Structure formats: structure tokens, C-alpha cells
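This report goes through one protein model for a reader who has not seen it before. Please keep the sequence and the 3D view at hand while reading.

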Amino acid sequence: MSIRPVIETRRASPHIEGAGVHLHRAFGGQDPLAEDPFLLFDDFRGDRPRDYMAGFPWHPHRGIETITYVLAGTVEHGDSLGNRGILGPGSLQLMTAGRGILHQEMPKGDAMGRMHGFQLWGNLPKRLKMTDPRYQDIPGVELPERFEDDGTSIRVVIGDYRGVKSPVEGIAADPQYLDVFVPAGKRKSFKIDTRRRAFAYVFDGAASFRDAARPEGVLLEKEVAGQEVNIRDLSGNRTLVRFGAGDEVTVTAGPDGVRFLLISGAPINEPVAWAGPIVMNTEAELRQAFTELRNGTFIKPAH
């Protein structure tokens, strides 16, 4: 087994998107190939409705797939094809923009005003850039979960984990997308295909994703469940952890446990031309897309 090294940790940065939604962006918009096949990852959460209620009014997409995972509150969506729906807590939506779609996403908090969700953009390879748009809406009750004897739980949002398989299918990036909770002080390892790029995103608690060998250096004030943890290695709330090559990711949970997303996918290895909500392979394709937006030919009839 080869443990994937941590090549970078960084806090998600605050952004305002849509009509004034306050969110945190873990990556997106700098080097479009850095996380290939993924382009962008946003964490949108808050307990003040004024920070998210204006939502993401009508806007176009082409050339990507969006993966929206809601933990609290709801997101109402609609599009130019007549699709309508509401994503509730625990639910998942996958939208293949393909050759072009106009849609809107309008978040609403729960009874206490809380809203929390994530959106991940997966790239489409050239052969699928102009495919038919489509949706997959998966209620939370249909996403399977594995519970382990030490208190660890793994929700399989997309993909397969030790024989537990998500109902989601047909995503070009073929991601493995896990929602993981590890109790305080526990050490866990997760196998990841060596051909995939991988990252973790911590959104509750803290953990070290360094080598599983006994840590050295400054320790917490007391051991956590009999395990020593290097406090300098702990990655906390809204932290992106990027991994290098290997076939296994290890994690040691901090004093309050940790909940994180563990996401991986095989690189597409194609050129990326990206402007706003449209991602193509060439600048000429981008110019064509924006010309079609201006002249009203962006939305194409079904094949």
C-alpha cells in the first residue's frame, strides 16, 4: 500500500455569487486542470437568510455537469426545458448541461434559517460537450450508508465503497464521492484507485490527513481516545486537502471527530477554455457559445 501524501491544504475563500449568495470556494477559476476532471467546488451555508435567499437566478451552462448535495434547507430549481423540483436535506442533484441549458437555483433555509449544501462542477470530455441536457434527482433516503464498528460512517453519495453502491450513474467524471464521519481519535484508511486525483473537504470538526505512522511534534493537551495527534497537522472547518499519488488516504480524527467529503475522479486530460458558466475545449467554441446566447440560439432542440 502507498499512502497518498498531502500536497496542499488551504481554507476555502469567501465569495459572493448569483444574486448575492455568500459562499466559500475551495477551488475553481485559477488553474482549470489542477483538479481535472473537476473544475469548481463551492460550500454554500449560513443561518442568515439574507445571505442566500436571493439565490442563483436564471443563468446558462454548457459543457459541464453540476453535482449539488444538500445537507440543510432546500434548493428549488427550474430550467428552460420545463424541469422543476425541490432538493431537500440529504438529497443530490446531477445536472448534465451538455450543449446548453438555462436554469435557476433558489435556496431556502430550514425552520431555523439554516442552509447548507455543496456544488461540484465536473468537466465533460469533448465528445460529450454537446450532448443532450439531463437531470438525476436522488432523494436522501436512496443514498446508502455504511456503518463501521468503531463509529465511522460513510455515505456513498456517488460511486462504490466496499460493495455499498450509490444509485447514481452516467456521470462523465465517474467520481467517487463519499460523505465521511470519523469519531474522535480514530484512524481510518480509504482505498482510492491510483489513476484518480483525490481531495478531501473538511466541513465539521478537524483531522490530520498525514501519514498513519505515529505523529511527532506538538500534541494536543491530552490524548484523544488513546491516540496522539499532531495539532499542527489538523485540518478544520472549510479546509481543502489535496493529495498526491498513491492508493490510500489516511485520516486521524481530532478531539471532536471529523466530517469530510472524500472525492476522486480520473483526469480527462483535455484542453479547457472556460468563461463564467460555460466550459469548452477551445476559445473559438467559447466565442460561439456566447454568440448563441446573444442571438437566442443557445438552447438547441433535442437530438
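Which residue in S11 is the bridge partner of Phe38? The partner is Gly122.

**Confidence**

The protein has a mean pLDDT of 91, and 92% of its residues reach 70 or more. Residues 212-227 have a pLDDT below 50, and in the model this stretch has 33 contacts beyond near neighbours in sequence. Where pLDDT is low, the predicted coordinates should not be read in detail.

**Strand S4 and its partners**

Strand S4 covers residues 38-46. Seven of its nine residues are buried, which leaves S4 mostly covered. Eight bridges pair S4 with strand S11 (residues 115-123) in the antiparallel sense. Strand S3 (residues 21-27) also pairs with S4 in the antiparallel sense, over three bridges. Here His24 has Asp43 in S4 as its bridge partner.

The loop between S3 and S4 contains Pro37. The peptide bond leading from Asp36 to Pro37 is cis, and its omega is near 20°.

**Aromatic pairs**

The count of aromatic pairs comes to 15. One of them joins Phe38 and Phe199: the ring centres are 6.1 Å apart and the planes stand at 85°, so the pair is edge-to-face. Phe38 belongs to S4 and Phe199 to strand S19 (residues 197-208), so this pair ties together parts that are 161 residues apart in sequence. Both Phe38 and Phe199 are buried. Ring pairs also link Phe38 and Phe199 into a cluster, whose members include Phe27, Phe41, Tyr69 and Phe118. Tyr177, Tyr201 and Phe203 belong to this cluster as well.

**A four-stranded sheet**

Elsewhere in the model there is an open sheet of four strands. Its order is S5-S10-S7-S8, with antiparallel pairing. Strands S5 (56-61) and S8 (84-87) are at the edges and have a single partner strand each, so one side of each is left without a neighbour in the sheet. On average, neighbouring strands of this sheet are turned by 25° against each other, direction ignored. Strand S7 (residues 74-79) runs antiparallel to S8 and is joined to S8 by four bridges. Within S8, Gly85 stands opposite His77.

**Salt bridges**

Side chains of opposite charge can pair when their charged atoms come close. The whole structure holds 20 salt bridges. Three of them are listed here.

| Salt bridge | N to O distance |
|---|---|
| Glu8 and Arg10 | 2.6 Å |
| Arg62 and Glu292 | 2.8 Å |
| Lys188 and Glu148 | 2.5 Å |

The salt bridge between Arg62 and Glu292 links distant parts of the chain, 230 residues apart. Arg62 lies in the loop between S5 and strand S6 (64-72), while Glu292 is in helix H1 (residues 283-295). Arg62 and Glu292 are both buried.

Lys188 is in strand S18 (residues 187-191) and Glu148 in the loop between strand S13 (145-147) and strand S14 (153-158), so the pair ties together parts that are 40 residues apart in sequence. Buried means under 20% relative accessible area. Lys188, at 16% relative accessibility, therefore counts as buried, and Glu148 is buried at 12%. These two residues are part of one network of salt bridges with shared partners, which also contains Arg146, Asp150 and Arg162.

Arg238 is located in the loop between strand S20 (234-235) and strand S21 (239-243), and at 16% relative accessibility Arg238 counts as buried.

Methods. Residues are numbered from 1 along each chain as its sequence is written. This is a predicted model: local features need pLDDT of at least 70, side-chain atom pairs count only at pLDDT 80 or more; totals for chains, interfaces and linings use all residues. Side-chain values use heavy atoms; hydrogens and water are left out. Two strands pair if DSSP finds at least two bridges between them. Helices (H or I, at least four residues) and strands (E, at least two) are DSSP runs, numbered from the N terminus. Axes are lines fitted to C-alpha atoms, for helices over the stretch in contact, and angles run from 0 to 180 degrees between N-to-C directions. A salt bridge is a side-chain nitrogen of Lys or Arg within 4 Å of a carboxyl oxygen of Asp or Glu. Buried means under 20% relative accessible area, exposed over 50%, partly exposed in between (1.4 Å probe, protein chains only). Rings of Phe, Tyr and Trp (its six-membered ring) pair if their centres lie within 6.5 Å; planes under 30 degrees apart count as stacked, over 60 as edge-to-face and the rest as tilted. pLDDT is the predictor's confidence in each residue, from 0 to 100. Contact means heavy atoms within 4.5 Å.
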